[in-house]
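Thanks for asking me to look this over.

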Amino acid sequence: MFTFDLLINAVAAGLMLGGFYAAVAIGLSITFGQLDIVNIAHPTFVILGSFVAFVINESFGIDPVLIGVVFMPIFYFLGMGLYQIYYVSFEKTGQESLSGLAFFFGLMFILEVLMILAFGVDYRLVSAAYIGETLHIGPLDLPLRMLIPAVAATLMTIAVVLYMSKTFMGKAIMAVSQDRLALQLMGADPIRVKRIALGIAIATAALAGALLIIIQPVEPSVGRLYIGRIFAIVVLGGMGSISGTFFAAILIGVVESFIATFYGPSWAPAVGFGILLLTLAIRPQGLFGRA
Amino acid sequence: MKLDKFWIACIAILILGFVFTKNADNEFYFFTTYVILQGLVMAVAWNILGGFTGYVNFGAAGFFAVGVYTSVALNKAFGLPLPVILAVAGIIGGLLGLGAGYLTLRLKGVYFAIATLATALVIETIVNNWKYVGGAAGTYVLQPKQSFIFDNYIELLFMLMLVLSVAAVAISRYLSSSRVGKGLAAIRDDEVAAECMGVPTLRLKLISTTAMGVLMSIAGAPFPFFVTFVDPVSAFALLIAVNAIAMPMIGGTAYWYGPVIGALILGVVQETATVTISSELNLLIVGVLLVLFITMAPQGIVGVYHDWRKKRDAK
């Protein structure tokens, strides 16, 4: 069974899959890693992005990636609104940890049920010219429905890294969980910084969702599978380091692709959770985090 | 032991339940109360860890499914009688709970919650690939023909769940009102401080996670005989995990009777909504109620009641 062709194709598929995982995990890396907001509803927002792409693609035939990008600002405001609710209900009263967690759990549930009510539990697809095309380079097969999301996800990662490292607001977001007071002395309002950060995080879900529905058909509860996967990526990536998150995503993508190729796809979902449990038990600061 | 009001009430409930099986003939009542009571056991079990110590378990469905599939496997392999199956399910669930307890050594707060979620999904993947118990396709389970002293099997299952509920509430009440409960509350408020004061935090947490594991797993064990068809989707249903959290949160997590109140109210509302409107709407109700209570009344119904009484006394 084991051949060289199979091996390099498994690696290539893993790299592309991992690139896409980065798009899903980045939003959580910002909220969980930098803001200490445990948004377990993040994958559900990604699925929401998928359904937005589905509805518009079906009615107007617009390219799903473009839809994802166009809807980023709308999701950005959604995220800002979400932070406002979270802040007023939990952070202000200092109960964010446990109640906040249960709040996002409930929110995830509500969003999922609303999507089931609106779209049913059928798998939905988008259509675009490149879905179904494959790029052949020697023995390497690169399906465009994997390659295009991977490239788009990588570009989005680079954009977020640049924003976080070059702009004042980006640096403020990186700083907000470390030293609130120092941030205030620098003339930045922590509440506003966090609001913008959660806005950006949810905005990435719009694009990630559009990419997801290019890769595979989507139904409302698909998001649950991503919870363990992206938490594994974020923790493995060292909590809040965007580039660490990207490399951890690639790693998980490659491992999953290997398991799927050599053991069967039904075991792949356990990879993320298994790695997450191991990481939490052995090295909670992640592969790329400081001890 | 002195026979106080609580024990009299427990015995009265059991006798009433038994009289009920002898007088009601509509099986629908037993199906409905079984579902509500199953939710109650899960909620009370969740609260023993979540409410008393503050460690959130998102993997309640995983513990439940361990009981379900222990039952399926034992029934298929040896055709063991139900009491033996319950005992084995309890032991396996307890061991899993014990494992979760050791996990708390390394993982605090949020990380523990995510780890429980991850554990549940790893178990689900294993079950999906375990062909013997039906894998992803599911399997049929036959109800035993004889039903002891009851007219039919559903009455027996109902009575069993009623006994389990009373037992779960009694355990939860014992844990919260004894020295153990004071220790657990100390862990919830400040684990490091509790440890420094000489509270045996690890031992208490292990007691609490094991009790939770045993109860959740036993709650799941009769499930295959109740539904007669089991697949991972029904055994690991998100609703089970959400209800286990929502019921205590709505009732009030700080007291042993909080989850009981929450489970009865939410259970009745859900069953009514499922019958009269639709099962999706039933899911929506849970989610919305959970979020509303967490944001507006974090102490639950019991907390609201206490506040109201305090205000009234102050006047």
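1. Where the numbers come from. This is a predicted model, in which local features need pLDDT of at least 70 and side-chain atom pairs count only at pLDDT 80 or more, while totals for chains, interfaces and linings use all residues. Residues are numbered from 1 along each chain as its sequence is written, and chains are lettered from A, with ligands numbered from 1, in the order in which they are written.

2. Confidence. The model scores are ipTM 0.76 and pTM 0.84.

3. Chain A, make-up. You will find eleven helices and two strands in chain A; helices (H or I, at least four residues) and strands (E, at least two) are DSSP runs, numbered from the N terminus. Starting at the N terminus, the order of elements in chain A is α-α-α-α-β-β-α-α-α-α-α-α-α.

4. Chain A, overall form. The radius of gyration of chain A, taken over C-alpha atoms, is 19 Å, which agrees with the value near 19 Å for a compact globule of 291 residues; the globule rule is 2.2 Å times the number of residues to the power 0.38. Along the principal axes, the C-alpha atoms of chain A fill a box of roughly 60 × 45 × 35 Å. Of the 291 residues in chain A, 51% are buried, where buried means that 20 or more other C-beta atoms, placed from the backbone, lie within 10 Å of the residue's own.

5. Chain B, the partner. Chain B has 15 helices and two strands. Its radius of gyration is 19 Å, close to the 20 Å that the globule rule gives for 315 residues, so chain B is as compact as a globular protein of that length. The box for the C-alpha atoms of chain B is roughly 60 × 45 × 45 Å along the principal axes, and buried residues make up 50% of the 315 residues.

6. The contact between the chains. How many residues does each chain bring to the contact? Chain B gives 33 residues and chain A gives 31 residues, with residues in contact if their C-beta atoms, placed from the backbone, lie within 7 Å. On the side of chain B that touches chain A, α5 (109-129), α12 (238-251) and α14 (279-296) each supply at least two residues, and α5(B) gives the most, with 14 residues. That side of chain B divides into 23 nonpolar, eight polar and two charged residues. Here Ala, Val, Leu, Ile, Met, Phe, Trp, Tyr, Cys and Pro count as nonpolar, Asp, Glu, Lys and Arg as charged, and the others, Gly among them, as polar.

7. Not counting residues up to four places away in sequence, M42(B) touches several residues, including A60(B), F64(B) and M216(B).

8. One glycine to look at. G97(B) sits in helix α4 (residues 82-103) of chain B. Why does G97(B) count as buried? Because G97(B) has 27 C-beta neighbours inside 10 Å. Leaving aside neighbours within four places in sequence, G97(B) is in contact with T209(B), T210(B), M212(B), G213(B) and V214(B).

Terms used: Buried ≥ 20, exposed ≤ 12 C-beta atoms within 10 Å, placed from the backbone. Contact = placed C-beta atoms within 7 Å.
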